Amino acid sequence: MVNNFAYAMPVKIEFGAGVSKKLFEITKNAGLMRGILICDKMFEANGTAAQIAKNTPSICGVYCEITPNPLLCEVEAAARLLREKRVDYVAALGGGSSLDLAKFACSLALSDRPAEEYFYKRAVFANRHIPLFAMPTTAGTGSEVTPVSVCNDQTTGIKAPLSHPNFYPHTALIDPELTLSVPSFVTATTGLDAMSHALEAIWSVNHQPICDALAAEALSSIFRHLEQAYDDGGNLEARTGMSYGALLAGLAFGQTKTAAVHACSYPFSSRFHLSHGEACAFTLDLFVRINAEAGRIDALSKKLGFENAEAMADRIFRLKKKFGLKTTLADIGSPDVRSLAEECVAHPLFQNNPVKLTVEELAAYFKAFL
Ligand code: ZN
């Protein structure tokens with residue numbers, strides 16, 4: 001029997017090769033006449049930003065001062081520009097960073113308080129923001145359909161996610177053509193991040209039927225296309241399969257939240273300077289093994305064509321090896337396992353894991369498997 005559940009997601013979705021060219025038409029139909037494009041510097045350098053501005057005559061400026069982990073001072077600078085230019089919409093192009101920065105700036109622009117007050121939750125946004133049109137250029141974060149923005153305080157070095165209903169984009173324009181030039185290593189790490197989102201949505205203690213269905217379809221598409229997209233970046237079919245999988249995974253974990261893999265990813269990325277995707281991939285196959293029964297992953301793995309959860313975990317491990325990712329504690333400098341496990345277990349997302357582990361138990365798993 002299907003249990004009671006709720007599902008709400010306000011973002012309009014435009015999916016398919018070439019949809020980013022419809023930005024002008026879509027914003028115009030929404031009655032919006034003056035926008036700013038927020039994008040990573042790389043897209044200004046390679047001409048993509050200029051191309052989008054050319055196709056979208058209502059764009060009156062470009063903001064591209066964004067570090068890979070967006071800083072609060074950059075959010076402030078973008079918000080100032082939005083106020084100065086008196087825009088009525090924002091388009092964001094890029095991986096997670098430019099989308100995360102744009103989400104925060106679209107609300108901050110209509111506030112007279114500093115970013116820091118919202119980041120540390122001393123202030124709560126009023127229910128108004130500039131509408132955001134999100135165009136992801138990687139198949140991974142799912143940020144285009146979630147209300148979460150991950151930023152860094154440049155003074156304290158603290159990195160944290162901030163979530164608010166204002167942060168949902170107005171429309172996600174998911175154009176696989178934008179991902180064709182993503183380098184193979186980024187394809188690998190962002191793809192494994194999307195795989196982590198789908199698996200964590202299924203084994204999260206908050207899982208529910210719609211998210212289970214979305215995440216299972218996401219995994220089927222990701223397992224089918226990730227290696228192909230890595231081997232041949234110009235393969236539009238593989239890229240489309242990855243964009244589709246990452247989108248469905250985003251639609252799933254946006255409701256359920258993630259669990260132990262993401263909890264562990266924070267200390268792994270901050271201590272050992274791994275990207276978010278590589279940090280998630282580091283413990284992903286381990287948690288497939290740990291959560292096999294309680295997380296219903298054994299049954300899922302059979303539906304996906306694996307013999308069992310162990311076989312699925314082995315496949316993830318082989319992909320990591322092929323992609324040249326770090327897979328052992330020795331690879332990251334043989335850290336003190338106990339203090340690492342302590343920090344992982346203390347992260348709030350760890351509570352969403354279906355198998356409850358003590359610090360000692362997690363440390364023992366790290367020693368035995370990593
Ligand atoms: Zn993630």
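Predicted model: local features only at pLDDT ≥ 70, side-chain atom pairs only at ≥ 80, totals over all residues.

Residues are numbered from 1 along each chain as its sequence is written, and side-chain values use heavy atoms, with hydrogens and water left out.

Q: Why is Ser111 called buried?
A: Ser111 has a relative accessible area of 15%. Buried means under 20% (exposed is over 50%, partly exposed in between; 1.4 Å probe, protein chains only). Ser111 is therefore classed as buried.

Q: Where does Ser111 lie?
A: Ser111 is in the loop between helix H5 (96-108) and helix H6 (115-119); helices are DSSP runs of H or I with at least four residues, numbered from the N terminus.

Q: What makes the pairing of the Ser111 and Tyr118 side chains a polar contact?
A: The two side chains are joined at 2.7 Å. The definition asks for a pair of N or O atoms within 3.5 Å, one able to donate a hydrogen and the other to accept it, and residues adjacent in sequence count only if both atoms are side-chain atoms. The value of 2.7 Å therefore meets the limit. A polar atom of the Ser111 side chain also lies 3.0 Å from the backbone nitrogen of Arg113.

Q: Which residues line the second largest pocket?
A: The lining consists of Ile202, Asp212, Ala216, Arg296, Ala299, Leu300 and Lys303. Lining residues have an atom within 4 Å of a point of the pocket, an open set on a 1 Å grid over the protein atoms alone where a 1.4 Å probe fits, with protein on both sides within 12 Å along at least five of seven lines. H12 gives the most, with 3 residues.

Methods: Helix = DSSP H or I, 4+ residues; strand = E, 2+ residues; numbered from the N terminus.
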